[in-house]
Amino acid sequence: MQYQSQAVAKPYFIAAIVLFVAQILFGLVMGLQYVWGDFLFPEIPFNVARMVHTNTLIVWLLFGFMGAAYYLVPEEAETELHAPWLARLMFWVFLVAAGLTVAGYLLVPYATLAELTMNDLLPTMGREFLEQPTIIKIGIVIVALAFLFNIGMTVLKGRKTVVSLVLLLGLLGLAVFFLFAFYVPDNLVLDKYYWWWVVHLWVEGVWELILGAILAFVLIKITGVDREVIEKWLYVIIAMTLITGIIGTGHHYYWIGTPHYWQWWGSIFSAMEPIPFFMMTVYAFNMVNRRRRNHPNKPATLWALGTAVMAFLGAGVWGFLHTLAPINYYTHGTQITAAHGHMAFYGAYVMIVLTIISYAMPILRGRTAANSNKSQVLEMWSFWLMTVSMVFITLFLTGAGILQAYLQRVSDAPQSFMVVQDQIALFYWLRELAGVVFLIGLVVYIASFFVGSSDPEATVEAQV
Amino acid sequence: MPVSEPDTAAPGQNLAVAAEVLYLANLLLLPGLAFVALLVLYYRNIRTAAGLPACHLRQTLSASLWAGALLVVANLSIVLLGGYHSAHTWMVVIIYFTTCHSTLVLLGVLGLAKAMAGQCYRYPLVGRPL
């Protein structure tokens, strides 16, 4: 570890992994509820399992991004973190807030939670992904501001690199767009319109900047390719991300009561959204092919390349599949959306957080650069188990979604929602099976932190 | 006028990159037209090209021909055999096309990255033996 203050990243990464486990467990619960409707009812109703599944995902990714920033910014800026104590304090504030939120979802009915947290003073609850009580949202803003202050001051006092500036821009955007979680107009169209400013402009906008910056940092470290080359790619990728992603928000505005022109704007710009992901894949493989050194941390390279490929497939290809307005007319809100959501989140954001954890954790745990061979083999097994099972989850949900769209909306004799759900139950069972394999992959991933931890560090067999 | 190579580029690297770009363009932007351009590039250069460019020209032509068969012929067969008005036909066609097309694109991305790094590349299954 080059700077002592980078150590603050470690608890963030650990919390991220713990919440990742919770997310997958609740995913399996609701996956089963699709086919076994009263499973764990009334203890964990479907809507609660879904809230926990999606909210823990968002929170653990935020923990991952914060850990990544605390790890990479001191190294990029070539200086210690501005206030490591603040980072530690905010870690506990954020963790307690996340814990209280999940406990609230599980222990009391949602309406009671709204009452207990005085939602009526500033109503923000009840919207998908932003279900957190208002008081928790305010806590998130405080954590985000303290975090931005800490990272911003570190960047300001040290070396300014493209990687740290792009990361800072992404994190700033993340904080700014979250503020729209507090704007809840009475008009339902306006409500949904601005809700997408949080949801879409996060995952198809500023989060991609964070992804690009973390990927660039890891590629610089593991390949030894000149920083200038990687930075030029990064500039072009983030430019394409913003050019396509911002107006691409329109693909959410097709059927919510907004003007007709959004069907054109949304279709054209979001059809171009795969371009930055395509470029990211070419760039990641090109950098690894042109590497100047063999890094002993093989799983980090695997995660980095996997991020590029899976993000292209999940966000790019599966996004394109249903982004054009005439197609979306039939597929809107079907399991095709779920298929896209699963692979895109896994490919773009889960994998990039696991990439930086894979690169940084051995160093944070006292290694020079990499874990032992045994640990690395296990981690690479977890990569393949999780990634292949996610591919199957996506394919099963896609199959379910196509049948759903056809039987419910395209057919000359459309069937009702629940009748169709019964007909696609086989796909839900197969998805659940793939989900179990994913959980096994996650267990193997966690085991890789403990197995072979006393063995000697892996070395590079041959230099390029 | 021949395209000048940068100092660090391997001999024929631009030609190799052009072949990979046309393979990808055939799949993504200009199906058919880009394939014709690839054919022209192939027949104009294959006799004089050696090493890196010859490898990429041969691989991309072979992979493009396979891509045509896998995407056009196989999909038409599925629709003809399964029937146009069947939900299951459309499920199979869409999943098959999406996975097959994405795989072919990803192979092209790997080929392009190899060409840009001045290395030869054999397309798995759809490429010619080196």
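Trainee: Which residues of α5(A) are buried?

Mentor: Quick ground rules: this is a predicted model, where local features need pLDDT of at least 70, side-chain atom pairs count only at pLDDT 80 or more, and totals for chains, interfaces and linings use all residues. Residues are numbered from 1 along each chain as its sequence is written, with chains lettered from A and ligands numbered from 1 in written order. Buried means 20 or more other C-beta atoms within 10 Å of the residue's own, exposed means 12 or fewer, and partly exposed is in between, with C-beta atoms placed from the backbone. On that count the buried ones are A:Thr134, A:Lys137, A:Gly139, A:Ile140, A:Val143, A:Ala144, A:Phe147, A:Asn150, A:Ile151, A:Thr154 and A:Val155.

Trainee: And what covers the buried residues of α5(A)?

Mentor: An α-helix has 3.6 residues a turn, so residues three or four places apart point the same way. Helices here are DSSP runs (H or I, at least four residues; strands are E, at least two), numbered from the N terminus. The cover on α5(A) includes α2 (46–77), α3 (84–107) and α6 (162–178) of chain A.

Trainee: How far does α5 of chain A reach from its first C-alpha to its last?

Mentor: Helix α5 takes in residues 134–157, 24 residues in total.

Trainee: Which peptide bond is cis?

Mentor: Most residues other than glycine have a negative phi, and most peptide bonds are trans. Look in the loop between α1 (9–35) and α2 of chain A, where A:Pro42 sits. With omega near 10 degrees, the cis bond is the one from A:Phe41 to A:Pro42.

Trainee: Is A:Leu40 exposed, partly exposed or buried?

Mentor: A:Leu40 lies in the loop between α1 and α2 of chain A, and its phi is positive, about 60 degrees, although it isn't a glycine. Because 15 other C-beta atoms lie within 10 Å, A:Leu40 is partly exposed.

Trainee: What about B:Leu125, buried or exposed?

Mentor: B:Leu125 sits in the segment after α4 (87–116) of chain B, with a positive phi of about 65 degrees. Since there are 10 other C-beta atoms within 10 Å, B:Leu125 is exposed.

Trainee: How many residues of chain B are in contact with chain A?

Mentor: Contact means that C-beta atoms, placed from the backbone, lie within 7 Å. On the chain A side, 17 residues take part. On the chain B side, the number is 16.

Notes
Contact = placed C-beta atoms within 7 Å. Expected span 1.5 Å × (residues − 1).
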